[in-house]
Structures are given as structure tokens and as C-alpha cells.
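Try each task yourself, then follow the solution.

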Amino acid sequence: MKKNFGTKTVLAPLPVLIIATYDEQGTPDAMNAAWGGQCGPHHVALNLSPKHKTTENIQLKGSFTVSVADADHLTVADYFGLVSGRKENKIERAGVHVTPSAFVDAPVIDEFPLTLECKVVEMQETSLGEMRIVGEVVNMQADESILDEAGTIDLGKLRPLSFDSATHTYRVLGEVVGQAFHDGAAIQNA
């Protein structure tokens with residue numbers, strides 16, 4: 001038997017994304033965003049409040065970086081979602097380090113092992129009052145510590161965080177339970 005919950009929405013996984021930008025003075029800022037993800041082979045989409053400093057910075061610079069929060073940096077990632085960049089310098093307070101991206105006008109937070117460097121290709125206010133931002137990934141950089149023997153990203157080594165909207169907790173992804181575009185062949189070939 002199933003239970004109805006009305007409009008409550010739980011969809012998993014929700015990646016914990018750290019969006020980093022520069023403001024008009026060139027000061028780096030970062031925010032934790034759960035409402036976003038990959039929306040195509042080379043594009044990411046974010047749904048942000050137009051009131052965020054990060055949203056204003058994206059409008060100003062036309063670029064941003066997206067770091068995938070990992071279990072090793074959970075406290076820093078959560079902090080980036082607790083405090084407004086208008087109230088304090090979150091990068092400085094968190095004690096993280098940034099390097100300017102070589103591809104877009106945005107900072108790369110050195111501590112996060114996987115970062116997408118993005119230029120804005122679409123930005124519009126939705127009927128819900130949010131800003132929908134689509135960024136084209138112009139470069140992805142990964143620390144060697146999260147690569148497998150073939151040189152590809154190993155989610156088991158990365159241990160990316162996922163936001164559990166049902167319980168307001170973080171979970172870790174990484175366990176391999178099957179092979180995409182393969183395991184369903186058992187039904188197809190039956």
C-alpha cells in the first residue's frame with residue numbers, strides 16, 4: 001500500500017553543488033546549492049534565488065564554477081549554505097583557497113577535488129520567481145586522487161555528497177550496483 005504526501009517532493013540524488021563566483025571587486029564567494037545538476041552532455045542548470053549574491057555575481061561576470069561537494073569537505077560545504085556572502089567573506093572564514101580559473105572569470109576552490117568551469121549560456125527568471133541559469137562546461141578539472149587506473153573520475157574515490165530533502169541530511173554516493181546500458185539487456189534478450 002502506498003501513502004499520499006500531496007505536493008511534498010523527494011527526488012534523489014540531489015547533488016550538493018558549490019557555486020563559486022567573483023563580485024565586482026574581484027572578491028571570491030561561494031554558496032551551497034542543492035537545486036541544480038547536469039542538464040545535457042556539456043551543460044549544467046541551476047535554480048537560484050535572484051536575491052543571492054552569487055546570482056548577482058553570475059549576472060555580472062557571465063561565468064561561475066561548480067564544485068561537487070565531497071564527504072571530506074562536508075563541514076565547509078554546509079557552511080557555504082548557512083551564511084550569506086553579503087554578511088561575511090565565506091572563503092576567508094572557511095579557510096579555503098582559490099585559484100582563478102584559466103577558462104572563465106570565476107574562482108576554483110582548491111580543496112574540492114572536482115570542479116566544472118562554466119560560462120552562462122542562458123539566464124532567465126522563472127514563473128516561480130527563481131533564476132534558471134544554464135552554464136556550458138568549458139573545462140572540468142579533477143584531482144588525481146579521484147581518478148581510476150584509466151584516468152577517469154571514480155565516484156567511489158570522490159565520495160560526492162547528495163542532499164536528502166526528506167530528512168535534511170547529507171548522504172554519500174559511490175557504490176556501484178550495476179552497469180548502465182548493459183544490465184537491462186537481460187530483459188531485452190529474454
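**Exercise 1.** Find out how strand 4 is joined to strand 5.

*Solution.* Start with the bridges: strand 4 and strand 5 (residues 43-48) are linked by 4 of them, and the two strands run antiparallel. Strands here are DSSP runs of E with at least two residues, helices are runs of H or I with at least four, and both are numbered from the N terminus. Two strands count as paired if DSSP finds at least two bridges between them.

A word on the model before going on: it is predicted, so local features need pLDDT of at least 70 and side-chain atom pairs count only at pLDDT 80 or more, while totals for chains, interfaces and linings use all residues. Residues are numbered from 1 along each chain as its sequence is written, and side-chain values use heavy atoms, leaving out hydrogens and water.

**Exercise 2.** Work out the strand order of the open sheet and say which strands stand at its edges.

*Solution.* First, trace the 7 strands: the order is 3-2-6-9-10-5-4, with antiparallel pairing. Next, look at the ends: strand 3 (28-33) and strand 4 (36-40) each have a single partner strand, so one side of each has no neighbour in the sheet. Last, check the twist, which averages 35 degrees from one strand to the next (axes are lines fitted to C-alpha atoms, for helices over the stretch in contact; angles run from 0 to 180 degrees between N-to-C directions).

**Exercise 3.** Describe how helix 1 and helix 2 sit relative to the strands.

*Solution.* Take helix 1 (residues 53-61): it packs on the sheet, and the strands it touches include strand 2 (17-22) and strand 6 (63-68). Contact means heavy atoms within 4.5 Å. The direction of helix 1 makes about 55 degrees with that of strand 2. Then turn to helix 2 (residues 74-82), which lies across strand 2 and strand 3 and runs at about 95 degrees to strand 3.
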